[in-house]
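The sequence and structure come first, and the text follows.

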Amino acid sequence: MTSARTLAIAGAGIGGLTAALALNRIGYRIILFEREAHLAETGAGLQLSPNASRILIDLGLEQSLSAAAVAPDAIRIINARSGRETARIPLGDSVRARYGAPYWLLHRPDLQAALLAKVESTPGIELRLGWQFEEVSQDANGVAVMQRRGMSRRGDHAQALIGADGVWSAVRSQVFPDIRAQFTHRIAWRGMIDAAHVPAGFDRHRVQLRMGSDAHLVAYPMADSGKVNLVAIVNDEWRRPGWNETGDAAEIARYFAAWHDDARAMIGAVANWRKWALFEVPVSTFAKDRVAMLGDAAHAMLPFAAQGAAMAIEDAAVLARCIETQSDDLPAAFLRYEHLRRDRVERVQRASHRNGRIYHLKGAAGFARDSAMQLLGGARLLARLDWIYGWRV
């Protein structure tokens, strides 16, 4: 017998935790299960733009997140070889005034911890760590969801299942077996620069985006710790699954040997590099009967618009709105959710691809890019992001 007003969510990452809060808020009991026994994100940073921060604020997380976040003044776009600033996109008060919500820089563990604390203090959400999705079966009234932990198995009846279990989603593999993650021929390297070794001249109030031949480098400060999060993206064919491989400092340094001294100083200041191959999930069907996908499980994308986490958060809010308005017909609500999300996430995926090509231009094409950005200026470059940052549920 189906448990009335119960939804199951596979995956307790940022998307799954946000979905649990948003769906519980409209009156559903939530069973949230996660294969990892402990929710321990790496010390990576992320950028959270106003389209996502306003959703989290609406869920009651403003106090906990604002205390852990940096609200940068601007994004400085810098030429890799010369080290000169090409353009400066205003953020800070300009973004809050324009979009009604902040642009935040956060440690991913801080965002997950805030979401987790809210979930654990919310009646009606049952969080099960160490339980992995195994299979789902559907009938006219609901779903039976089987989970596994070691040799133990358990099943739950719910009205529907939401797959929020990431780019290598087990839910997607079963329900949408023809939709697979695709390698993008890009590698991300990530490291943290300790406060004592941050190169002189780094502005702790701004994001740096350095663009060069076949690579780009993003650096931004983390709150309180004084550390700087550094992300290097390069073209490469290494494609091992996973996202936390140890990286060789000598290898990453070779990619940036011809870059300006400032960039090479930042690269050299990282004590421990992690790397992972970038995969994406092409936008396709991500709702079927009583199963819906969200976040990377539905549409993993390149990080070149800084929208991966934001799209998962948006998904959760839209899914909750669709279920709230069509609670008597969840398959129809899920189809409505897919219809509302498909064009937007596909457009963001395309924008990420386009940014990747632009960031890695070389020679005359790179010079033309820099000249065009200088001509446009920061205010008009920000205005070009209105369709992303100004979005509302």
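At 45% relative accessibility, Asp 289 counts as partly exposed; in this report buried means under 20% relative accessible area, exposed over 50%, and partly exposed in between, with a 1.4 Å probe and protein chains only. The model is predicted, so local features need pLDDT of at least 70 and side-chain atom pairs count only at pLDDT 80 or more, while totals for chains, interfaces and linings use all residues. Residues are numbered from 1 along each chain as its sequence is written, and side-chain values use heavy atoms, with hydrogens and water left out.

**Residues with positive phi**

Asp 289 sits in the loop between β18 (287–288) and β19. Helices (H or I, at least four residues) and strands (E, at least two) are DSSP runs, numbered from the N terminus. Although Asp 289 is not a glycine, its phi is positive, at about 55°. Asp 214 also has a positive phi, near 60°, in a residue other than glycine. Asp 214 belongs to the loop between β13 (206–212) and β14 (215–221), and its relative accessibility of 33% makes it partly exposed.

**Helices α1 and α5**

Helix α1 (residues 14–25) packs with helix α5 (residues 108–120) at an angle of about 30°, and their axes are 10 Å apart. Axes are lines fitted to C-alpha atoms, for helices over the stretch in contact, and angles run from 0 to 180 degrees between N-to-C directions. The helices α1 and α5 are therefore roughly parallel to each other. Angles under 35 degrees count as roughly parallel, over 145 as roughly antiparallel, 65 to 115 as roughly perpendicular, and the rest as oblique.

The crossing of α1 and α5 is left-handed, a term used if the near helix is turned anticlockwise from the far one by less than a right angle (right-handed if clockwise). On the α1 side the contact is made by Ile 14, Leu 17, Thr 18, Ala 20 and Leu 21, and on the α5 side by Arg 108, Leu 111, Gln 112, Leu 115, Leu 116, Lys 118 and Val 119. Contact means heavy atoms within 4.5 Å. By class, the residues of this contact of α1 with α5 are 8 nonpolar, 2 polar and 2 charged. Ala, Val, Leu, Ile, Met, Phe, Trp, Tyr, Cys and Pro count as nonpolar, Asp, Glu, Lys and Arg as charged, and the others, Gly among them, as polar.

In α5 the buried residues are Leu 111, Gln 112, Ala 114, Leu 115, Leu 116 and Val 119. Those buried residues of α5 pack against α1, β3 (45–48), α2 (50–58), α3 (62–68), β6 (104–107) and β7 (125–129).

**Helix lengths**

The expected span of a helix is 1.5 Å times one less than its number of residues. The spans of α5 and α10 agree with this expectation.

**Helix α10 and its surroundings**

Helix α10 is mostly covered, with 14 of its 18 residues buried. The axes of α2 and α10 come within 9 Å and cross at roughly 50°, and the two helices are therefore oblique to each other. The crossing of α2 and α10 is left-handed. In this packing Asn 51, Ala 52, Ile 55 and Leu 56 of α2 meet Ala 310, Met 311, Ile 313, Glu 314 and Ala 317 of α10. The contact of α2 with α10 divides into 7 nonpolar, 1 polar and 1 charged residues.

Asp 315 lies in helix α10 and is buried, with a relative accessible area of 0%. Apart from its neighbours within four places in sequence, Asp 315 is in contact with Leu 294, Gly 295, His 299, Tyr 337, Arg 341 and Val 345.

Gly 295 is placed in the loop between β19 (291–293) and α9 (296–299). At 3% relative accessibility, Gly 295 is buried. Not counting residues up to four places away in sequence, Gly 295 touches Ala 300, Ala 312 and Asp 315.

**Arg 88**

Arg 88 is part of strand β5 (residues 85–90) and is partly exposed, with a relative accessible area of 35%. Leaving aside neighbours within four places in sequence, Arg 88 is in contact with Ala 74, Ile 75, Arg 76, Arg 206 and Gly 378.
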